Each structure stands twice: as C-alpha cells, then as structure tokens.
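Take a walk through this structure, one region at a time. Keep the sequence and the 3D view side by side as you read.

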Amino acid sequence: MKLNIVILGLSITSSWGNGHATTYRALAKALSDLGHSVTFLERDVPWYREHRDLENPTYCKIALYGSLIELAQAYSQAVLDADLVILGSYVPDGVAIGEWLTARATGITAFYDIDTPVTLAGLDTGDIDYITPRLIPRFNLYLSFSGGPALGLIEDLYGSPLARALYCSADLRMHSARKAPPKWSVGYLGTFSADRQPGLERLLLTPARQLDGHSFVVAGPKYPETIRWPDNVTHIPHLPPHQHSEFYCSQSYTLNVTRSDMKSLGFSPSVRLFEAAACGTPIISDDWPGIETVFAPGAEILIASGPREVMQILREMPNDRRLGIAANARARLLREHTPAHRARQLETYYLEALEQLPYVNDTIRRPVELEEAK
C-alpha cells in the first residue's frame with residue numbers, strides 16, 4: 001500500500017512557538033520511510049515566515065499558499081487526487097478549508113486534532129475557529145492527540161464516523177541518548193502558557209529558590225519580561241529542534257507540565273515526554289488520568305504534585321535508579337511510541353475508514369467554493 005497523502009497543517013516549516021511542526025516532521029518522515037508520498041500545504045504567514053527552520057526536506061513536498069483563493073486554484077487537483085487528505089487543528093480559516101476539502105476530496109478525509117482538549121472545551125462555546133460541530137461528521141476520520149474517553153465523546157456527541165488516537169512521537173534521528181555530565185538539575189522546554197505557568201512555578205521555580213546548590217533551565221519563547229527568574233535558573237528564549245537532544249541530555253531530570261484542559265481530559269501526552277525519553281533523560285511530570293498508559297509511574301516516569309517531591313527527588317534519588325528509570329522509559333518508547341508506530345497506526349486507521357466509506361452518508365457532502373473568509 002503506497003498512499004498519496006496531502007496534509008494541510010499549521011506549520012511544518014517553523015517550530016517557533018508551536019509543537020505542531022515537530023509532530024508533522026516526525027510523522028511525514030515515517031510515512032515517507034514506508035513509501036508514501038506526502039505533500040504538506042501551509043499558509044504563508046509572517047510569523048512563521050520570519051522564523052523558518054525547515055525549507056526543502058527530502059521526505060515531503062512543502063507548498064506555501066497565501067490565500068484561500070490561491071489554495072483552491074493551485075492545489076485543488078492535489079486534493080482531488082489524494083488517497084488521504086488531512087486537515088490539522090489551528091489552521092487559519094480551518095472551517096472554510098474543511099468544508100471545501102470534504103466536498104472536493106475523493107479519498108479519505110481526516111481531521112488531525114493536535115489540540116483535542118482545547119477543541120472539546122471550545123466547541124460548544126464557539127471559542128475556536130478551526131473546526132465546528134457541524135463539520136466533524138463530514139470527515140471520514142478524526143485523529144486525536146487525546147485517547148481514552150475523548151474518542152467516544154467525539155463519535156457519540158459530535159457524530160464522527162471514526163475517532164482514533166494518534167499521539168505525537170519523537171524523531172529518533174534527532175533525539176538520542178548521549179553520555180555527558182549534566183549541566184542542570186532540572187530543565188523544562190515549552191512555550192509560555194498562562195495555565196501552565198503555575199505548574200512551572202510550583203515544580204521548578206520554587207525548588208530552584210530553595211536549592212541554591214542546583215542549577216535549572218527553562219527554554220521557550222513568549223515568556224513575559226515581568227517574570228523574575230531566580231539566579232540559578234537560565235532562560236533560553238528559543239531552542240531550535242536540532243538542539244533539543246543536547247538540551248535534554250544536559251539535564252539530570254526534565255520536567256513535564258501539562259495544560260489544564262489536557263489534565264482534565266487526560267490521555268494527552270506531550271511531545272516533550274517522548275523527546276526526553278528518546279534522549280534517555282529521566283522525566284518528572286505532574287499527574288493526569290491515563291499517564292500510566294504511556295509510561296509507568298515509578299518505573300518509567302516520576303510523578304510530582306509539588307515542590308517538596310521535586311526537591312526530595314533531587315536530594316535522595318540514587319543515581320543508578322535515576323538512570324534505570326530513564327532506560328525503562330526509552331525502552332518503552334522504542335516498543336510503542338516511535339514515529340514508525342504512528343505511521344503504521346495511520347495506515348490502519350485509513351483502512352478502517354476505507355471500509356466504512358460506503359456506509360457514510362453522502363448527503364453531508366455538497367459542492368463548496370473556497371473564498372476568502374469574511
């Protein structure tokens with residue numbers, strides 16, 4: 001089976017301020033390794049244009065479009081000819097594009113929700129502009145960054161014909177274990193988020209203030225200038241993907257802090273978990289439902305709810321146990337959480353959707369002209 005796949009995503013060319021690019025890159029590479037053809041269509045917006053760190057990859061074709069009209073004129077045939085067309089969350093004018101491609105495509109159509117907890121929280125309130133309840137049933141397949149109960153909710157409440165979990169992963173060609181003396185006791189990688197900041201304060205900044213003999217690091221953009229970093233905390237405004245591996249390998253532990261919507265929904269692992277595990281770095285994480293289905297607490301990952309537990313880990317954890325936890329997590333990742341696993345899962349989901357295709361109500365499809373969103 002060799003598929004012609006078209007993906008319309010937020011960005012694959014720039015990893016600045018978003019986790020979508022690394023997810024799409026890892027998936028596209030794995031799909032290419034399996035012999036599939038991947039075309040990635042991305043809206044050419046100033047923010048990502050000014051911070052691009054990928055231009056001409058060998059594993060997929062990248063095409064930029066400046067407007068909805070240009071998308072329809074230049075890539076309508078590509079959508080028509082594709083075996084599988086995937087629209088990602090947070091794509092500008094996503095609703096208009098979704099209506100157009102589900103009417104235009106002759107192959108399987110999928111919505112890839114890299115922000116499932118945010119999406120489900122905003123569907124009823126109308127606070128999101130990239131998908132609507134009315135549009136969900138038009139897609140043959142709903143790919144979700146969240147597993148567990150969310151999948152039944154998407155099918156039963158919103159009418160998706162088929163909802164399946166497609167977690168992120170870590171590119172093993174970029175993330176690997178390296179032996180190096182740690183520079184920092186605990187590190188954190190992530191764009192500033194107001195609802196994640198209390199967790200970062202609780203699990204990293206508070207321990208840093210109380211452990212003068214340890215050093216800490218936070219890497220990521222958009223942190224307000226008003227934040228007062230402790231003297232033993234280094235802040236790196238942006239860390240490009242090719243430096244992630246060295247960054248993780250320079251920490252005794254890496255910290256995972258989960259957004260509130262993701263914690264509430266559960267079963268929503270961050271890409272940072274998989275990146276750190278691939279690098280052989282032990283992970284300290286906040287707790288959330290379903291974490292045990294990804295990594296086993298106590299054996300493959302450490303759970304902390306407050307600064308006291310983080311400080312206890314730093315003061316009392318034997319080094320051989322620390323390294324053993326990291327090794328166990330990496331072994332679990334190699335068994336279950338590589339990009340190759342995700343690509344194989346996508347193949348399986350495609351075949352499931354294909355089997356259902358004759359039973360999907362064709363009346364939900366109607367001709368749609370793609371015009372500039374008002």
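Start with rings: those of Phe, Tyr and Trp (its six-membered ring) pair if their centres lie within 6.5 Å, and the planes count as stacked when under 30 degrees apart, edge-to-face when over 60 and tilted for the rest. The structure holds 12 aromatic pairs by this rule. F111 and F139 form one that is tilted, with 5.8 Å from centre to centre and 50 degrees between the planes. This pair links distant parts of the chain, 28 residues apart: F111 sits in strand β5 (residues 108-113) and F139 in the loop between α5 and β6. Helices (H or I, at least four residues) and strands (E, at least two) are DSSP runs, numbered from the N terminus.

The model is predicted: local features need pLDDT of at least 70, side-chain atom pairs count only at pLDDT 80 or more, and totals for chains, interfaces and linings use all residues. Residues are numbered from 1 along each chain as its sequence is written, and side-chain values use heavy atoms, with hydrogens and water left out.

F111 is buried, because its relative accessibility is 0%. F139 is buried too, at 2%. Both belong to a cluster: ring pairs link Y90, F111, Y130, F139 and Y142.

Now look at helix α5. Seven of its eight residues are buried, so α5 is largely enclosed by the rest of the structure. The buried ones are T116, P117, V118, T119, L120, G122 and L123. What covers them? The cover includes β5, β6, α6 (149-156) and α9. Cover here rests on contact, meaning heavy atoms within 4.5 Å.

Charges come next. A salt bridge is a side-chain nitrogen of Lys or Arg within 4 Å of a carboxyl oxygen of Asp or Glu. The structure holds 16 of them. E99 and R134 form one, with their closest N and O atoms 2.5 Å apart. This bridge joins distant parts of the chain, 35 residues apart: E99 lies in helix α4 (residues 94-104), and R134 in the loop between α5 (116-123) and β6 (141-144). The two partners differ in cover. E99 counts as buried because its relative accessibility is 12%. R134 is exposed, with a relative accessible area of 52%.

D44 takes part in two bridges. One joins the side chains of D44 and R49, at 3.0 Å from N to O. Another joins D44 to R52, at 2.8 Å. D44 is partly exposed at 25%. R49 is partly exposed at 41%, and R52 is partly exposed at 26%. Elsewhere, salt bridges link K29, D33, D171 and R173 into a network.

T258 lies in the loop between β11 (251-256) and α9 (260-265). T258 is buried, because its relative accessibility is 8%. Leaving out residues up to four places away in sequence, T258 touches R196, K263, D286 and W288. A polar contact is a pair of N or O atoms within 3.5 Å; within protein, one must be able to donate a hydrogen and the other to accept it, and residues adjacent in sequence count only if both atoms are side-chain atoms. The side chain of T258 makes such a contact with the side chain of N256, at 3.4 Å. The side chains of T258 and W288 are joined by a polar contact of 3.3 Å.

T106 is the other threonine, in the loop between α4 and β5. Is T106 buried or exposed? T106 is exposed, because its relative accessible area is 56%. A polar atom of the T106 side chain lies 2.8 Å from the backbone oxygen of L80. From T106 to D261 is 35 Å in space, C-alpha to C-alpha, and 155 residues in sequence.

Finish on helix α13 (residues 339-356), where L354 lies. L354 is partly exposed, at 37% relative accessibility.

Conventions:
Buried means under 20% relative accessible area, exposed over 50%, partly exposed in between (1.4 Å probe, protein chains only).
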